[in-house]
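Me: I would like to learn how to read helices and aromatic pairs in a protein structure. Could we go through some cases step by step?

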There are 2 protein chains.
Amino acid sequence: MTDLTPRLIGLDWGTTSCRAYLLGRDGAVLDQRLGGRGVLALTHSGDREAAFEHELADLCGEWLESNPHLSLVASGMVGSNQGWVEAGYRNLPVDLLSRPDYLTEVATAYGPLFIVPGLFKEGGDLDFPDVIRGEETQLLGALPEAPRAVGEPATTDQPAVVVLPGTHTKWVRLEGTVVTDFVTSMTGELFGLVTQQSIISRLAEDPQEPDAEAFERGLDVAFGGTRDGAADIASTLFSARTLVMAGKLEPTAVKDYVSGLMIGAEVEQFARNWMGEHREATICANAQLGSRYARALERAGVRSTLAPEDAVATGLWRTAVALEIVDRNGIVEKETP
Amino acid sequence: MTDLTPRLIGLDWGTTSCRAYLLGRDGAVLDQRLGGRGVLALTHSGDREAAFEHELADLCGEWLESNPHLSLVASGMVGSNQGWVEAGYRNLPVDLLSRPDYLTEVATAYGPLFIVPGLFKEGGDLDFPDVIRGEETQLLGALPEAPRAVGEPATTDQPAVVVLPGTHTKWVRLEGTVVTDFVTSMTGELFGLVTQQSIISRLAEDPQEPDAEAFERGLDVAFGGTRDGAADIASTLFSARTLVMAGKLEPTAVKDYVSGLMIGAEVEQFARNWMGEHREATICANAQLGSRYARALERAGVRSTLAPEDAVATGLWRTAVALEIVDRNGIVEKETP
């Protein structure tokens, strides 16, 4: 019979939402609350700490009353300077399974909440500094193989690439569970600005359903280009307006066409310049956005696998194991408050 | 003694402003009114035609009362579907000195106002349609050599490139006075969105004066890149945030750094992919923006010349000659109303 004992509460607490997971053995999701308020809504409350504490009680109070011994771990912007407590960063290279030197914890009515630190890349003269906060936990959950136990020597230093599409897409390089490099691309945020606020938005109409053909047409431009190599988005985007004016693109196809142009330009460049010899990648995103990146990667000759949608829950579990606030069997270390 | 007889009124009537010029022999600017209201402000008036007519009277009424025989010519968005009357487009290739087959004129209290048509490029399967409205007139004024008289055979088919930076930068290829190709780049509009509305804007502070060093640093990235070839803006823009977070870029340097990143990426691509063998270009812009493009073109190995700031006035004059509403000596054809 399956073991359904709750062993951990994990929180994916981002800018716009908070998802809470009640986790059992090996990080199995026993229950979840997906509609919590994000950092942006809470940071502007009069008493910020009280607002976070209140949100935690709303989301997880019921679980914790039944299981007061459960440990709590959170990742994401909850650990930023706009969050509950600033949790700092770990400098690359970082083994996601190693215990951080410095652990950030917040005292709550339910005992300590551990906040996962972000990752920081220093960068050189022409290589930028870069930051990750939250994706390090999704990433850990997206790694296809169950990682080794804490303290065990690495069983693999297999190089891998993980793409985490979103407002700020992260391209991450790993060797086994060690993050060696990452780069942020603002494609998602630019897509929002272009389709909601630029001149392109004026001729665009919302489609009834995603227009796969228009997306492919955008990819055609990004990969074929009108000139040699990839086309810079600044010079291809205007076509979303002129094609409509010329009667060659439906207003309802504009958004998906622009999505193809922008995701295509991003993937083409990363596959060519940044991935080196890698021809495999894991994508960590919802199914709809993930399939767009998969299609673009395929065009670039890269095979991809879509990580499970609840990768972050797995990541929170694995992090709790690394933090030694649960062991692999879910034996709880927390002292009941 | 200089001939100061007024011979033409030319209007550069764009989206956000209207500039009116009182022109003498050879298009010399005798007087000007630069603060007129643009199409955006006028199109939303209750009676659009009356609003345009009223604006014309405000700007030029005084000139026309003293000189009722003057012809009137206007270029720009005044000829768009949001303007006074839609003036259509001419299909490439277009000799800017040829008389259009179809002339758009509006009846005003001062006689007919001629509106210059835009340019339209049909484009092929992977080459986009594109449009110009207003820039065709600046372009004609920016051509360094005084063009031939109307009807005279072309004295040159010298290939040339003219760049017209702005919200939507136009890159134009000519042979003599014949426009053979152009491409629109949305760099200016994207720059506005990124520096005013994206996450980049949150850490940016307005500089006291332009920061030339920060601009150069942006060009370094665009031309050197962190990887081989040019860096895609989506993946370099985030550095404007992380460099500030890492204490390596001043908040007041962000805008000029981003300007360098974006203009650099655009110019690098156009110089490499689109200009072919051309290593010379004319820039048609205000001195501040023009000098940024000149610097980026220099990095790309392209010599550039900055056209005079009142190129559009020269262009309006030359257009009026081509339209045969004045001849080269300024003999007026208009019938006094």
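Reply: What follows looks at one helix and then at some aromatic rings, all in a predicted model.

Me: Which residues of H6(B) are buried, and why do they line one face of the helix?

Reply: A residue counts as buried when its relative accessible area is under 20%. In H6(B), which covers residues 212-224 of chain B, the buried residues are B:Ala214, B:Phe215, B:Gly218, B:Leu219, B:Val221 and B:Ala222. Seen down the helix axis, these buried residues fall within an arc of 160 degrees, so they line one face. On the other side of H6(B), B:Ala212 and B:Glu213 are exposed.

Me: Against which helices do the buried residues of H6(B) pack?

Reply: They pack against helix H7 (233-236), helix H9 (254-274) and helix H10 (287-299), which belong to chain B as well.

Me: How is a pair of aromatic rings described?

Reply: One gives the distance of the centres and the angle of the planes. Over all chains there are 14 aromatic pairs. In one of them, the rings of B:Tyr89 and B:Phe120 have centres 6.3 Å apart and planes at 45 degrees, so this pair is tilted. It links distant parts of the chain, since B:Tyr89 is in strand S5 and B:Phe120 in strand S9, 31 residues apart.

Me: Are B:Tyr89 and B:Phe120 buried or partly exposed?

Reply: B:Tyr89 counts as partly exposed at 33% relative accessibility, whereas B:Phe120, at 18%, is buried.

Me: What sits over the ring of B:Tyr89?

Reply: The charged end of B:Arg133 does, 4.4 Å from the centre of that ring.

Notes: Residues are numbered from 1 along each chain as its sequence is written. Chains are lettered from A and ligands numbered from 1 in the order in which they are written. This is a predicted model: local features need pLDDT of at least 70, side-chain atom pairs count only at pLDDT 80 or more; totals for chains, interfaces and linings use all residues. Side-chain values use heavy atoms; hydrogens and water are left out. Helices (H or I, at least four residues) and strands (E, at least two) are DSSP runs, numbered from the N terminus. The expected span of a helix is 1.5 Å times one less than its number of residues. Buried means under 20% relative accessible area, exposed over 50%, partly exposed in between (1.4 Å probe, protein chains only). The arc is that of the directions from the helix axis to the C-beta atoms. Contact means heavy atoms within 4.5 Å. Rings of Phe, Tyr and Trp (its six-membered ring) pair if their centres lie within 6.5 Å; planes under 30 degrees apart count as stacked, over 60 as edge-to-face and the rest as tilted. A charge sits over a ring if NZ of Lys or CZ of Arg is within 6 Å of the ring centre and within 35 degrees of the ring normal.
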